[in-house]
Amino acid sequence: MKIQLRFFASLREALGSEGEILEVDRDAPRVADIVALLRARGGRWADAFATDKTLMAARNQEMCDDQTPLADGDELAFFPPVTGG
Amino acid sequence: MERGQIIVTSAPFDPHAESERLRAENPAIGAVVDFIGWMRDFNDGDPVDGMTLEHYPGMTEKALGKIVDEALQRWDLLGVRVVHRVGELRPGDPIVLVAVASAHRGEAFRACEFLIDYLKTRAPFWKKERTASGERWVEARDTDHEAEARWRTEQGENDERNG
């Protein structure tokens with residue numbers, strides 16, 4: 001399945017990427033599975049998605065958590081805790 | 001009538017005029033409570049001369065809409081108007097207006113505080129400020145998350161009492 005990843009703010013800068021289309025070779029991945037996949041890339045991906053880092057996620061523009069299941073064609077965004085207002 | 005209005009804008013806005021727009025809509029409005037957030041010229045001990053407000057286009061409006069819908073369900077309100085800047089800001093610029101109208105003041109005060117507490121923890125905006133030593137991302141505050149958690153606890157207690 002294909003997931004559209006998007007990265008914002010300091011996470012985008014740390015990764016040097018606004019996003020990408022990720023091809024995922026497993027059934028019913030959860031957000032946590034995508035995080036593990038990205039962490040496994042090593043280097044700045046491992047740093048940015050390290051287990052002690054606080055990140056938020058949104059599936060199809062709705063806040064979600066790491067147990068949220070994903071479907072083909074989903075947009076999955078990762079970002080630091082928000083600071084609006 | 002649509003009771004919740006949400007505006008995300010890259011242009012400067014006048015928070016007092018926007019609040020007046022809300023009030024003028026409905027003569028039944030007896031109370032308006034405004035929260036206005038302003039950009040300051042210092043933060044975390046350093047002078048700040050500018051800020052870039054990043055957001056997640058599409059999700060920003062959706063997230064604000066959900067927060068406003070929750071306030072409209074939770075309190076008896078006549079209207080809500082939320083205006084939030086994005087893009088480049090200078091010290092002294094208004095960042096956000098949360099204006100809440102009701103028949104009487106109790107609902108408006110509570111809903112306004114709820115709305116800004118939820119906006120600060122759930123709406124996809126990120127501030128990058130410019131100081132003499134360069135640019136830095138503003139960090140989220142624990143106190144904002146504690147405030148948001150108190151509203152969720154209170155709602156849980158209300159649900160138990162009424163359920």
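1. Salt bridges between the chains. In this predicted model, three salt bridges are counted between chain B and chain A. One pairing that meets the description is B:E54 with A:R12, whose closest N and O atoms are 2.5 Å apart.

2. Extent of the interface. Chain B contributes 26 residues to the contact and chain A contributes 20 residues. The size of an interface is often expressed as the accessible area lost when the parts come together. Here chain B and chain A bury about 1,900 Å² between them, and 57% of that area lies on carbon and sulfur atoms.

3. The open sheet of chain B. Four strands of chain B form an open sheet with mixed pairing, in the order β1-β5-β7-β2. Its edge strands are β1 (4-9) and β2 (31-38) of chain B, each of which pairs on one side only. On average, neighbouring strands of this sheet are turned by 5 degrees against each other, direction ignored. Within the sheet, β5 (residues 79-85) and β7 (residues 94-102) of chain B run antiparallel and are joined by six bridges. B:G79 has B:A101 in β7(B) as its bridge partner.

4. Helices across the strands of chain B. Helix α1 (residues 15-24) of chain B lies across β1, β2, β5 and β7 of chain B, and runs at about 20 degrees to β7(B). Helix α2 (residues 59-74) of chain B lies across β1 and β5 of chain B, with an angle of about 155 degrees to β1(B).

5. In soluble globular proteins, nonpolar side chains tend to be buried together. The largest nonpolar core has 31 residues, and those with the most contacts inside it include B:L77, B:V80, B:V98 and B:F114. Two or more residues each come from β4 (46-55), α2, β5, β7 and α3 (105-122) of chain B. The most is given by α3(B), with eight residues. A second, separate core has 19 residues, among them A:L15, A:L22, A:W45 and A:A57.

6. Surroundings of B:V80. Which residues are in contact with B:V80, leaving aside its neighbours within four places in sequence? They are B:R3, B:G4, B:Q5, B:L22, B:V68, B:L72, B:A99, B:V100 and B:L115. Of these contacts, B:V100 and B:L115 are also listed, with B:V80, among the residues with the most contacts inside the largest core.

7. Strand β1 of chain A. In a regular strand, side chains alternate between the two faces of the sheet. Strand β1 (residues 2-7) of chain A has a covered face formed by A:I3, A:L5 and A:F7, and an uncovered face formed by A:K2, A:Q4 and A:R6. Five bridges join β1(A) to strand β2 (residues 19-23) of chain A, and the two run antiparallel. In that pairing, A:I3 has A:L22 as its bridge partner. With strand β5 (residues 75-79) of chain A, β1(A) pairs in the parallel sense over four bridges. A:R6 stands opposite A:A77 in β5(A).

8. The glycine at position 50 of chain B. Leaving aside neighbours within four places in sequence, B:G50 is in contact with B:M39, B:L89, B:R90, B:P91, B:K128, B:E129 and B:R130. B:G50 and B:E146 are 96 residues apart in sequence, and their C-alpha atoms are 28 Å apart in space.

Conventions: Residues numbered from 1 in each chain as written. Chains lettered and ligands numbered in written order. Predicted model: local features only at pLDDT ≥ 70, side-chain atom pairs only at ≥ 80, totals over all residues. Heavy atoms only, no water. Pairing = 2+ DSSP bridges. Axes fitted to C-alpha atoms, helices over the stretch in contact; angles between N-to-C directions. Contact = heavy atoms within 4.5 Å. Core = buried A, V, L, I, M, F, W, Y, C linked by side-chain atoms within 4.5 Å. Buried < 20%, exposed > 50% of the residue type's maximum accessible area, 1.4 Å probe, protein only. Buried area = accessible area lost by both parts, 1.4 Å probe. Salt bridge = Lys/Arg side-chain N within 4 Å of Asp/Glu carboxyl O.
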